[in-house]
Amino acid sequence: SRCHAPNASGAANVELFALQAWGDLCIGLAAPRSNGVNHDNNANLSYEVVKLMLEFKMAHSLIYAVGFVDLKHPMAASACGSLLVPLEVFTRSSVNDAVQALA
């Protein structure tokens, strides 16, 4: 079900928490050496994991997940932010170059 189902504020909260946790998990797997806050340094990334995530269409899944967020919900900003952080990492040209070098 979508997060913007009528009269489903409890369900919407659970779904948004799940999306937020999923985004956090994605960045945690992609950048296991980061401090959890700063993902700007590519040295924190596990390029082998990033390569696998990209091969299995994780970037597409993150974009798709953003489409499930009801932007009027109070948790929308945090859920979208958690989903966009790994997406930003996956779309960096320097990350793409490093992943291509692994092939």
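Analyst: Asp97 sits in helix α5, residues 93-102. Helices here are DSSP runs (H or I, at least four residues; strands are E, at least two), numbered from the N terminus. This is a predicted model: local features need pLDDT of at least 70 and side-chain atom pairs pLDDT 80 or more, while totals for chains, interfaces and linings use all residues. Residues are numbered from 1 along each chain as its sequence is written, and side-chain values use heavy atoms, without hydrogens or water.

Asp97 is exposed, at 52% relative accessible area. The cut-offs are under 20% for buried and over 50% for exposed, with partly exposed in between (1.4 Å probe, protein chains only). Asp97 and Gly28 are 69 residues apart in sequence. Their C-alpha atoms are 21 Å apart in space.

Arg92 lies in the loop between α4 (76-90) and α5. Arg92 is buried, with a relative accessible area of 12%. Setting aside neighbours within four places in sequence, Arg92 contacts His39, Asp40, Asn42 and Leu45. Contact means heavy atoms within 4.5 Å.

Now the packing of α3 (residues 58-66) on α4. Their axes come within 9 Å and cross at roughly 155 degrees. Axes are lines fitted to C-alpha atoms, for helices over the stretch in contact, with angles from 0 to 180 degrees between N-to-C directions. The two helices, α3 and α4, are therefore roughly antiparallel. That term covers angles over 145 degrees; under 35 is roughly parallel, 65 to 115 roughly perpendicular, and the rest oblique. The crossing of α3 and α4 is left-handed. In a left-handed crossing the near helix is turned anticlockwise from the far one by less than a right angle; clockwise makes it right-handed.

On the α3 side, Met58, Ala59, Leu62, Ile63, Ala65 and Val66 take part. They meet Cys80, Leu83, Leu84, Pro86, Leu87 and Phe90 in α4. This contact has 12 nonpolar residues, no polar and no charged. Ala, Val, Leu, Ile, Met, Phe, Trp, Tyr, Cys and Pro count as nonpolar, Asp, Glu, Lys and Arg as charged, and the others, including Gly, as polar.

Helix α1 (residues 9-30) also meets α3. Their axes come within 11 Å and cross at roughly 155 degrees. So α1 and α3 are roughly antiparallel as well, and α1 passes α3 in a left-handed crossing. Leu19, Trp22 and Cys26 in α1 meet Met58, Ser61, Leu62 and Ala65 in α3. That contact divides into six nonpolar residues, one polar and no charged.

Next, the cysteines. A disulfide is a covalent bond between the sulfur atoms of two cysteines. Here the test is a pair of cysteine sulfur atoms within 2.5 Å. The structure holds zero disulfides. The closest cysteine sulfur to that of Cys26 is in Cys80, 14 Å away, so it is too far for a bond. Cys26 is buried at 2% relative accessible area, and Cys80 is buried at 11%.

Two loop residues remain. Lys57 is in the loop between α2 (47-55) and α3. Its phi is near 65 degrees, a positive value in a residue other than glycine. Lys57 is partly exposed, because its relative accessibility is 47%. Asn44 lies in the loop between α1 and α2. Asn44 is buried, at 15% relative accessible area. Not counting residues up to four places away in sequence, Asn44 touches Ala30, Ala31, Pro32, Arg33, Ser34 and Asn38.
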